[in-house]
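Biologist: I have just opened this one and would like a slow tour. Could you walk me through it?

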Amino acid sequence: MADVRIAEDWKAILAEEFSKPYFDELVGFVKHEYSTGVVFPEPRNIFRAFDRCPFDKLKVVIIGQDPYHGVGQANGLCFSVGEGVAFPPSLQNILKEVADDVGSPMPTSGELERWAEQGVLLLNAVLTVRAHEAASHAGRGWEKFTDAVVKAIAERKEGVVYMLWGNYAQKKGSIADPQRNLILRAVHPSPLSAYRGFFGCKHFSAANNYLLSIGKEPITW
C-alpha cells in the first residue's frame with residue numbers, strides 16, 4: 001500500500017487513526033488480500049476519495065457501502081466508475097435523478113471525479129473488496145476508520161451537505177449536527193428502492209441552494 005495517494009490535509013487529520021493498532025491489523029489484512037487474490041480498487045486508489053477531495057475543499061459528503069466488486073468498476077470513489085465502464089444500476093439512477101432535478105444531460109461517463117474535485121467526498125464505508133464477493137472486506141476495520149472520518153468532519157466543519165441514501169448511510173452519518181449542516185435523507189438509489197423515494201428527492205438542487213445560501217459555490221452536477 002506504499003503507493004496509495006491521499007491529500008496532505010487528510011493525512012494530518014487522520015494521522016492518529018493511522019497509528020492505532022486496529023489500523024495496523026487492517027493494513028496487514030488488506031496487503032495479504034492483494035497479494036493472494038484479486039481485490040478492488042487498485043491499491044493506489046484506495047484513498048482516492050481523500051486525494052481528489054482535500055479536507056479544506058470539502059462541501060458535500062456522499063456515503064456508500066463498499067466498492068463495486070466487478071472487474072474494472074471500482075475506482076476509489078463511491079458509486080463512480082471509470083471512463084468507458086457501463087453504469088451500474090445505482091449510478092444510473094443517481095445520474096437520472098441529477099438530470100431530472102437540475103436539468104443537466106445524462107453524462108456519457110460514470111467517472112465522478114468531476115464531483116470530487118469540486119468538494120464532494122465520495123466515501124465508501126469499506127474501502128476495499130475481493131473480486132465478485134460483495135462485502136468481503138466488511139468487519140475488518142474499515143468501518144471503524146470511516147466512522148472516524150465522519151467524526152472528524154463533524155467536529156471540524158460546519159455548513160456541509162450530507163447526502164445519506166439508505167439506512168446504512170443514514171446510520172453512519174447520524175453524528176452530523178443538523179443545526180450546523182444540511183442533512184438530506186432518502187432511500188438507496190438501487191433498483192430495489194429507487195422508486196420508493198430516491199427519484200424525486202431533489203437532493204442535488206437542495207444541496208446547491210444550501211451552499212449558495214451560506215456563500216459557497218454550488219456543485220456542477
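Predicted model: local features only at pLDDT ≥ 70, side-chain atom pairs only at ≥ 80, totals over all residues.

Biologist: How many helices and strands are in the chain?
Modeller: The chain has nine helices and six strands, counted as DSSP runs (H or I of at least four residues for helices, E of at least two for strands) numbered from the N terminus. Its radius of gyration is 17 Å, close to the 17 Å that the globule rule gives for 221 residues, so the chain is as compact as a globular protein of that length; the radius is taken over C-alpha atoms, and the rule is 2.2 Å times the number of residues to the power 0.38.

Biologist: And what share of the residues counts as buried?
Modeller: Of the 221 residues, 54% count as buried, meaning under 20% relative accessible area with a 1.4 Å probe and protein chains only, where exposed is over 50% and partly exposed is in between.

Biologist: Switching to rings, how many aromatic pairs are there?
Modeller: The structure holds 21 aromatic pairs, where rings of Phe, Tyr and Trp (its six-membered ring) pair if their centres lie within 6.5 Å, and planes under 30 degrees apart count as stacked, over 60 as edge-to-face and the rest as tilted. In one of them, Trp-115 and Trp-221 have ring centres 4.9 Å apart and planes at 90°, so this pair is edge-to-face.

Biologist: Where do those two lie?
Modeller: Trp-115 is in helix H6 (residues 113-116) and Trp-221 in the segment after H9, so the pair ties together parts that are 106 residues apart in sequence. Trp-115 is buried at 1% relative accessible area, and Trp-221 also counts as buried, at 9%.

Biologist: Which residues touch the most other members of the largest nonpolar core?
Modeller: Among its 75 residues they are Trp-10, Phe-50, Trp-115 and Leu-121; such a core is a set of buried Ala, Val, Leu, Ile, Met, Phe, Trp, Tyr and Cys residues joined through side-chain atoms within 4.5 Å.

Biologist: Last one, how far does helix H7 reach?
Modeller: Helix H7 (residues 142-156) has 15 residues and spans 21 Å from its first C-alpha to its last, close to the 21 Å expected, which is 1.5 Å times one less than its number of residues. Its buried residues include Trp-142, Phe-145, Val-149 and Ile-153.

Technical notes
Residues numbered from 1 in each chain as written. Heavy atoms only, no water.
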